[in-house]
Amino acid sequence: MSQNSELDYTKIDFPTDQLTLGQIRRLSPEQCPRGQVAAGTKLDDAVGSLEAWCEHNIAENTYEHELRGMRGPVPDESEGGTLERLDKFYREMGWSSGLHQTKQIIRRFSEAVRQQAREARGRGK
């Protein structure tokens with residue numbers, strides 16, 4: 001990251017952090033034979049892992065954008081189907097009732113990312 005500063009993901013409340021084993025069993029029963037996550041299941045194969053990657057990608061872009069003091073929309077938030085994928089997943093999980101609410105959810109975690117970048121930028125001066 002810029003200016004020797006990195007985003008601390010542990011300080012951001014991402015929606016996918018709410019995923020439970022029960023939800024994974026319901027959404028992807030093939031990963032949970034006998035009601036448990038199958039041995040050898042890779043995190044990359046788990047339900048929500050792609051969506052978590054999308055959230056982290058938005059966070060990284062937002063962090064860099066804010067750290068550099070750039071204004072205007074953050075790139076990649078709606079490109080490549082990221083917004084659509086998150087909207088579909090958030091609806092499936094019952095976290096969102098539509099695109100407007102999905103954008104609000106993204107804004108919430110993005111604001112925490114921006115705050116972290118502003119603090120890092122302040123330390124870098």
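Predicted model: local features only at pLDDT ≥ 70, side-chain atom pairs only at ≥ 80, totals over all residues.
A search across the whole structure gives seven salt bridges. Side chains of opposite charge can pair when their charged atoms come close.

Another salt bridge is formed by Glu51 and Arg85, whose closest N and O atoms are 3.8 Å apart. Because Glu51 belongs to helix α2 and Arg85 to helix α3, this pair ties together parts that are 34 residues apart in sequence. Glu51 is buried, with a relative accessible area of 10%, whereas Arg85 is partly exposed, with a value of 38%. Glu64 and Arg68 also form a salt bridge, with 3.1 Å between the closest N and O atoms; here Glu64 counts as buried at 15% relative accessibility, while Arg68 counts as exposed at 55%.

Helix α3, which covers residues 82-93, has twelve residues and reaches 16 Å from its first C-alpha to its last, close to the 16 Å expected at 1.5 Å a residue. Its buried residues are Thr82, Leu83, Leu86, Asp87, Phe89, Tyr90 and Met93. Just after the helix, Gly94 adopts a positive phi of about 80 degrees.

The side chain of Asp87 meets that of Arg91 in a salt bridge, at 3.1 Å from N to O, and the two residues, being four residues apart in the helix, are separated by about one helical turn. Asp87 has a relative accessible area of 9% and, because this is under 20%, is classed as buried, whereas Arg91, at 42%, is partly exposed. A polar contact of 2.6 Å also links the side chain of Asp87 to that of Thr102. When residues up to four places away in sequence are not counted, Asp87 touches Ser96, Gly98, Leu99 and Thr102.

The largest nonpolar core comprises 20 residues, and those with the most contacts inside it are Tyr63, Tyr90 and Phe109. Two or more residues are given to this core by each of α2 (49-67), α3 and α4 (99-124), and the largest share, six residues, comes from α4. In soluble globular proteins, nonpolar side chains tend to be buried together. With neighbours within four places in sequence left aside, Phe109 is in contact with Ile12, Asp13, Phe14, Pro15, Glu55, Ile58 and Tyr90.

Conventions. Residues numbered from 1 in each chain as written. Heavy atoms only, no water. Polar contact = N/O pair within 3.5 Å; in protein donor to acceptor, adjacent residues only side chain to side chain. Contact = heavy atoms within 4.5 Å. Core = buried A, V, L, I, M, F, W, Y, C linked by side-chain atoms within 4.5 Å. Buried < 20%, exposed > 50% of the residue type's maximum accessible area, 1.4 Å probe, protein only. Expected span 1.5 Å × (residues − 1). Salt bridge = Lys/Arg side-chain N within 4 Å of Asp/Glu carboxyl O.
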